[in-house]
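Let's take a friendly walk through a protein model together. Have a look at the picture below, and then we will go through some of its parts in turn.

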Amino acid sequence: MGSVKFRFEQDPDTVMAFIRDPEVIKRRGTALGERNIQVVVDGNRVTTTRTVEAEIPAFAKKFLKPTNDVVEIKDWDPTTRTAKLDVDIKGAPTRVTGTIRIRPEGTGTSYEIDYQVSCSIPLVGKKIADYADDLTAKGMREEYEWNKRE
């Protein structure tokens, strides 16, 4: 299980509105090299579909592709500022699930993500899940750094 925590200077309501904004999501994705980005907001659910590139290590090339379509769902509870996270990498045996929490912290906001990467392949699945976990944490840090600059 992975966990990341970031801090924003803005208040929680501002952070929540910002990270749920479809135009912000599209700009961030484009800046990070994603393609074919589509964002659908349906009530409190934000679904982002995009094409991403990843470097695949030799041990995983039989199971993973360097170009993947990803569907990410963040199902928000606005009263608690929490979301259930579900990331499906289409055609890959890996999945990311977790919880996002936005909380007041001092004069700013804490943005926390606890997540789990799973892989359904016997024998090498743990090694692939660990690799995907590293990519997931790296991607979350890149998103945060972009958000801070925006």
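To talk about how two helices cross, we need axes, which are lines fitted to C-alpha atoms, for helices over the stretch in contact, with angles that run from 0 to 180 degrees between N-to-C directions. Helices (H or I, at least four residues) and strands (E, at least two) are DSSP runs, numbered from the N terminus. Before going on, note that this is a predicted model, where local features need pLDDT of at least 70, side-chain atom pairs count only at pLDDT 80 or more, and totals for chains, interfaces and linings use all residues. Residues are numbered from 1 along each chain as its sequence is written, and side-chain values use heavy atoms, with hydrogens and water left out.

Let's begin with the two helices. Two packed helices are described by the angle between their axes and the distance between the axes. Here, the axes of helix α2 (residues 22–31) and helix α3 come within 10 Å and cross at roughly 120°. The crossing of α2 and α3 is right-handed; a crossing is called left-handed if the near helix is turned anticlockwise from the far one by less than a right angle, and right-handed if clockwise. Which residues of α2 and α3 meet? From α2 come Val24, Arg27, Arg28 and Ala31, and on the α3 side they meet Glu143, Trp146 and Asn147. Contact here means heavy atoms within 4.5 Å.

Next comes the core. In soluble globular proteins, nonpolar side chains tend to be buried together. A nonpolar core is a set of buried Ala, Val, Leu, Ile, Met, Phe, Trp, Tyr and Cys residues joined through side-chain atoms within 4.5 Å. Buried means under 20% relative accessible area, exposed over 50%, and partly exposed in between (1.4 Å probe, protein chains only). The largest nonpolar core has 36 residues, and those that touch the most other members are Trp76, Ile100, Ile102, Tyr111, Ile113, Tyr115 and Met140. Helix α3 (residues 125–149) gives this core its largest share, 6 residues. Leaving out residues up to four places away in sequence, isoleucine 113 touches Gly2, Ser3, Val4, Leu85, Thr99, Ile100 and Met140.

Now look for the rings. Rings of Phe, Tyr and Trp (its six-membered ring) pair if their centres lie within 6.5 Å; planes under 30 degrees apart count as stacked, over 60 as edge-to-face and the rest as tilted. The count by this rule is 4 aromatic pairs. In one of them, phenylalanine 8 and tyrosine 111 are edge-to-face, 6.0 Å centre to centre with 85° between the planes. This pair links distant parts of the chain, since phenylalanine 8 is in strand β1 (residues 2–8) and tyrosine 111 is in strand β7 (residues 108–119), 103 residues apart.

Because phenylalanine 8 lies in strand β1 and tyrosine 144 in helix α3, the pair ties together parts that are 136 residues apart in sequence. Tyrosine 144 is buried, at 10% relative accessibility. Phe6, Phe8, Tyr111 and Tyr144 form one aromatic cluster.

A ring can also have a charge over it, which requires NZ of Lys or CZ of Arg within 6 Å of the ring centre and within 35 degrees of the ring normal. The charged end of lysine 127 sits over the ring of phenylalanine 59, 4.5 Å from its centre. Lysine 127 is in helix α3 and is partly exposed, with a relative accessible area of 46%.

We finish with the backbone. Most residues other than glycine have a negative phi, and most peptide bonds are trans. Asparagine 36 is not a glycine, yet it has a positive phi of about 50°. You can find asparagine 36 in strand β2 (residues 35–42), where it counts as exposed at 55% relative accessibility. Arginine 81 also has a positive phi, near 55°, and lies in the loop between β4 and β5 (82–89).
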